[in-house]
2 protein chains.
Amino acid sequence: MSPSNPYSTGLDKNPANFAPLTPLTFLTRAAQVYPHHTSIVHGERRYAWAETDARCRRLASALQRRGIGAGDTVAVMGYNTPEMLELHFAVPMAGAVLNTINTRLDAATIAFILGHGEAKVLVTDREASPVIKEALRQFGKPILVIDIDDPLAQGGELLGETTYEALLAEGDPTFHWQPPADEWSAISLNYTSGTTGNPKGVVYHHRGAYLNAVNNVLAWELPKHPVYLWTLPMFHCNGWCFPWTLAAAVGTNVCLRRVDVDQIYDLFEREGVTHYCGAPTVHSMLINAPAEVRAKKKQPIKGMIAAAPPPAAILQAMAENQFDITHVYGLTETYGPAVMCDWHGEWNDLSIEEQARLKARQGVRYHMLDGLTVADPVTMEPVPADGETLGEVLFRGNIVMMGYLKNEKATNEAFRDGWFHSGDLGVMHPDGYIELKDRAKDIIISGGENISTIEVENVLYRHPAILEAAVVARPDEKWGETPCAFVTLRPDMETSEAEIIDFCRQNLAHFKAPKMVIFGPLPKTSTGKVQKFILREQARQI
Amino acid sequence: MSPSNPYSTGLDKNPANFAPLTPLTFLTRAAQVYPHHTSIVHGERRYAWAETDARCRRLASALQRRGIGAGDTVAVMGYNTPEMLELHFAVPMAGAVLNTINTRLDAATIAFILGHGEAKVLVTDREASPVIKEALRQFGKPILVIDIDDPLAQGGELLGETTYEALLAEGDPTFHWQPPADEWSAISLNYTSGTTGNPKGVVYHHRGAYLNAVNNVLAWELPKHPVYLWTLPMFHCNGWCFPWTLAAAVGTNVCLRRVDVDQIYDLFEREGVTHYCGAPTVHSMLINAPAEVRAKKKQPIKGMIAAAPPPAAILQAMAENQFDITHVYGLTETYGPAVMCDWHGEWNDLSIEEQARLKARQGVRYHMLDGLTVADPVTMEPVPADGETLGEVLFRGNIVMMGYLKNEKATNEAFRDGWFHSGDLGVMHPDGYIELKDRAKDIIISGGENISTIEVENVLYRHPAILEAAVVARPDEKWGETPCAFVTLRPDMETSEAEIIDFCRQNLAHFKAPKMVIFGPLPKTSTGKVQKFILREQARQI
């Protein structure tokens with residue numbers, strides 16, 4: 001503003017009219033307004049919001065007393081337990097940064113993460129002790145190790161100086177924590193499981209965590225007091241910011257150490273679960289459960305699904321079982337979901353196939369994402385909104401990461417031209433909804449033609465005998481590359497390579513049909529994504 | 001953070017990961033995602049969100065072409081029409097500041113506001129032309145006057161250089177507006193109707209408007225696509241930020257030029273209204289409508305009520321008529337509602353009287369208000385949470401105003417000691433809910449004892465013959481002051497001064513009972529608040 005206008009003076013920030021945005025405030029409010037409402041359920045353990053608040057303050061003060069403060073990293077190797085939830089508040093209350101580690105990683109990668117993230121503390125679940133013991137050996141530096149000794153953990157040993165509960169006992173339940181001086185301060189660190197090279201450390205700030213936590217409420221029309229089942233690992237993008245969302249909505253966190261379909265239906269019944277998030281495998285597991293298990297669920301439940309579009313058959317089965325599914329999309333770099341297939345009421349009148357086609361689209365930006373586009377990554381020209389022209393999906397706004405820790409080269413590369421480059425390829429439909437077509441590296445180039453592996457997979461999923469499918473490029477002397485399909489069949493179903501290839505040729509341009517089909521289980525990440533780099537390696541060696 | 005920690009370098013703001021918060025983004029998104037969803041209904045006029053977006057862009061570009069930009073004030077004298085809604089987006093899109101003027105003000109006050117706010121433009125509804133003509137004469141400086149020529153306006157004349165629609169026609173519907181460079185930029189200016197002296201200009205910023213717009217969704221569990229009836233004047237605290245809330249929720253704004261109970265029920269029926277806000281008078285008007293009018297409403301409707309606690313009888317009648325009421329509280333300085341009586345499910349099991357007692361409390365902070373307390377305004381010591389000790393209600397956080405325009409003295413006074421001083425007196429209950437007891441200046445001091453006028457009024461409201469009541473201090477030689485009651489009786493009801501005083505003595509400490517009762521209608525502000533300064537003057541002259 002020009003200095004001459006009346007709004008340019010005498011209207012400054014002060015403690016009465018400005019506070020840094022931080023999701024920690026939602027915990028304080030939940031404890032003040034609903035102190036007795038159940039915050040966390042885990043087996044026989046139950047906490048209320050006032051207790052959760054007091055435990056978080058205890059832990060934060062105990063960490064500070066041990067010298068942990070601003071800019072220090074606290075790493076956690078944990079499952080979906082109360083401790084994981086508490087750490088999402090207690091660590092930033094102490095001014096520190098929470099680094100949740102994927103529980104399926106190998107010891108060498110964990111050791112790399114501890115070193116790169118400069119962790120001062122490692123909180124670790126007893127069940128993870130075999131890999132952590134080896135990781136600590138490889139890490140080889142002094143670090144304060146705290147054990148989560150969960151009665152529900154299977155096996156393992158205590159490795160650390162003290163236990164989580166003993167550390168809590170050192171702390172002050174009335175500890176007066178300070179919000180960050182600047183909302184542009186790191187709150188968490190999430191390493192991406194890159195397919196090549198070392199993982200990159202994605203840094204979130206208090207401002208973004210606050211905004212995406214709230215946006216989850218808007219996106220899902222989340223009411224007060226949801227009962228949320230933790231099918232999504234909290235180590236994955238901080239559980240899509242849902243630990244903070246649940247505090248804002250004063251909900252109940254129902255913990256779950258592992259995705260087990262019997263236990264899930266037991267908890268649906270016992271706790272009256274209303275919401276959950278998960279990878280597509282969770283959803284197909286739910287609908288493929290035996291009828292007597294499924295009968296335990298009486299209430300309608302809302303699910304958020306990410307990472308892959310739900311095929312029509314799954315969508316229909318979910319609807320028949322009263323699961324209301326919202327399809328979302330995002331990356332570790334976007335705090336989890338930042339795009340949603342915002343559902344138009346009139347689409348409910350369409351055929352189930354048409355609904356599946358619409359719901360398979362990733363959709364539109366979250367309310368608090370500033371921009372979403374599909375563009376040529378070199379010229380930065382947006383692609384025409386024709387549903388056909390491929391471009392890179394680009395994001396911008398407050399729910400995009402601060403950057404990669406200690407990696408300015410990768411940060412600058414990801415943020416070039418003022419947008420975050422996702423590396424995902426997609427199209428823009430005429431109605432402004434985006435649809436992913438592939439990862440840039442997953443595109444198969446055969447005889448000079450591009451083949452989208454997702455397009456081929458979508459056809460395979462329509463085959464009645466196929467439960468799961470993944471397509472990768474296989475080197476070929478004549479064509480350069482050809483599509484190679486890996487499929488898992490449904491129980492008691494049979495088919496043949498020739499029959500599947502024939503099915504694809506009936507439903508696709510012939511050059512897009514797989515030249516080879518391999519049967520067996522698909523290798524997956526802990527979040528249910530198929531590990532295509534493993535399949536590409538297998539295809540290469542055949 | 002210390003410069004040595006790994007998070008202190010290489011993680012800076014850039015266009016990919018930072019955007020200033022502004023509620024204008026919600027309009028862009030609504031138009032992109034739901035272009036055909038109805039945005040505004042006004043008589044026979046209906047707009048969809050894409051049209052509203054295009055009209056706002058037109059207006060913003062037309063204003064810019066006429067030289068209006070950053071830090072310029074655009075004043076509006078308008079009723080709840082589509083133009084008022086559009087101005088909430090178009091004016092800040094042009095970089096300017098929206099100053100909505102209370103339609104019930106006198107010409108001299110309007111002239112003062114135009115001068116003090118340095119308005120460059122005045123947009124004015126034809127119906128307001130008598131008072132505006134005189135205000136412009138008194139103002140006496142050149143200003144661009146634009147007429148809203150609404151077919152539903154009653155009488156009046158066109159005063160300006162051009163009409164609103166003609167100005168729109170000058171603009172570009174694809175205008176690429178710029179968000180503010182800093183979210184700490186003024187978006188609107190609201191003059192408070194002070195009871196003495198000149199009104200003060202409360203300045204809101206983009207950040208606060210964004211946050212409170214979202215907080216309305218959280219507070220009300222507002223679903224997608226609400227149908228919102230504009231019973232609350234948009235000139236009042238920018239309609240409590242609901243113009244922006246409705247864009248975020250992609251709702252439908254049902255306009256209403258004046259609060260008319262037949263028209264309200266017609267719109268309930270015709271438009272399928274789901275939500276509305278209003279002063280207590282609106283709610284009693286709704287339940288006191290004839291049965292055949294009330295029969296038009298088929299659906300449950302949620303109402304937000306502010307400015308006075310609902311007596312038990314009104315609450316019960318509202319519930320019987322399927323109105324679900326949320327009690328909120330705030331001031332012009334807090335963007336409208338910033339406190340809510342967050343309702344605990346188990347309270348539904350209590351008696352209706354007990355529910356009314358609980359619902360009469362103003363409650364707890366909005367999610368995005370950082371702090372709310374009741375304290376001694378001199379020592380700043382919080383009062384004990386005993387539900388009895390009086391203190392001043394204090395606010396702090398992002399939904400507190402930037403300050404008073406060109407009034408650093410009043411700003412500093414209001415923000416002393418790091419809190420916004422509301423001037424309202426209240427108590428803190430043991431469960432952390434606050435309850436207003438009075439404005440500081442409304443307390444009656446009789447024989448050295450404090451008497452809360454609200455306490456006396458609550459008793460009067462329980463009297464079966466009394467429709468409305470207000471109590472003020474009357475000078476008294478012996479006692480200093482004594483309570484004087486002004487009451488309006490229900491139609492066809494009769495009672496006497498002696499009977500009312502006797503009723504109060506049965507339900508209050510005797511010294512708190514009114515010494516005098518005066519019958520007749522109560523003078524009110526445009527927002528339904530009783531103008532106690534008029535009653536105090538009357539009481540003094542008796």
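1. Chain A holds an open sheet of 9 strands, in the order S2-S1-S11-S10-S12-S13-S14-S15-S16, with mixed pairing. Strands S2 (45–48) and S16 (364–365) of chain A are at the edges; each has a single partner strand, so one side of each is left without a neighbour in the sheet. Please keep in mind throughout that this is a predicted model.

2. Chain B also has an open sheet of 9 strands with mixed pairing, and its order reads S2-S1-S11-S10-S12-S13-S14-S15-S16. The edges in chain B are strand S2 (45–48) and S16, each paired with a single strand, so one side of each lacks a neighbour in the sheet.

3. At one end of the chain A order, S1(A) and S2(A) are antiparallel and share 4 bridges. One of the facing pairs is A:His42 with A:Arg45 in S2(A). The two strands make a hairpin with 2 residues between them, and A:Gly43 in the turn has a positive phi of about 55 degrees.

4. Apart from neighbours within four places in sequence, A:Arg46 is in contact with A:Thr38 and A:Val41. A:Pro475 is 429 residues from A:Arg46 in sequence, and the C-alpha to C-alpha separation of the two is 55 Å.

5. Helix H3 (residues 82–93) of chain A lies across S2 and strands S1 (38–42) and S11 (252–254) of chain A. The helix runs at about 140 degrees to S1(A).

6. Elsewhere in the chain A sheet, strand S13 (residues 301–305) and strand S14 (residues 323–331) are parallel and pair over 5 bridges. Here A:Lys302 is opposite A:Asp324 in S14(A). In chain B, strands S13 (residues 301–305) and S14 (residues 323–331) run parallel and are joined by 5 bridges. B:Met304 has B:Thr326 as its bridge partner in S14(B).

7. Which residues of helix H11 (residues 280–287) of chain A are buried? They are A:Val282, A:His283 and A:Leu286. These residues span an arc of only 95 degrees around the axis, which puts them on the same side of H11(A). Their cover includes helix H10 (261–271), strand S12 (275–278), S13, helix H13 (312–320) and S14 of chain A.

8. A:Ile287 also lies in helix H11 of chain A. With 17 C-beta neighbours inside 10 Å, A:Ile287 is classed as partly exposed. Residues up to four places away in sequence aside, A:Ile287 touches A:Ile314, A:Ala317, A:Met318 and A:Asn321.

9. Helix H5 (residues 129–139) of chain A has A:Ser129, A:Val131, A:Ile132, A:Ala135, A:Leu136 and A:Phe139 as its buried residues. Viewed down the axis of H5(A), they fall within an arc of 155 degrees, so they line one face of the helix. The packing partners of these buried residues are strand S3 (73–77), helix H4 (107–116) and strand S5 (119–125) of chain A. After H5(A) comes A:Gly140, with a positive phi near 70 degrees.

10. The largest nonpolar core has 292 residues, and those touching the most other members are A:Val74, A:Ala90, A:Val203, A:Val254, B:Val74, B:Val203 and B:Val254. Beyond neighbours within four places in sequence, the contacts of A:Val74 include A:Leu63, A:Ile68, A:Val91, A:Val97, A:Leu98, A:Val121 and A:Val123. Also in contact with A:Val74 are A:Asn99 and A:Lys120.

11. The contact between the chains takes 56 residues from chain A and 56 residues from chain B. On the chain B side, helix H1 (24–33), helix H7 (206–220), strand S16 (364–365) and helix H15 (408–414) each give two or more residues. H1(B) supplies the largest share, 5 residues. By type, the chain B side that touches chain A divides into 28 nonpolar, 17 polar and 11 charged residues.

Definitions and conventions. Residues numbered from 1 in each chain as written. Chains lettered and ligands numbered in written order. Predicted model: local features only at pLDDT ≥ 70, side-chain atom pairs only at ≥ 80, totals over all residues. Pairing = 2+ DSSP bridges. Contact = placed C-beta atoms within 7 Å. Axes fitted to C-alpha atoms, helices over the stretch in contact; angles between N-to-C directions. Buried ≥ 20, exposed ≤ 12 C-beta atoms within 10 Å, placed from the backbone. Arc of directions from axis to C-beta. Core = buried A, V, L, I, M, F, W, Y, C linked by C-beta atoms within 7 Å. Nonpolar A, V, L, I, M, F, W, Y, C, P; charged D, E, K, R; others polar.
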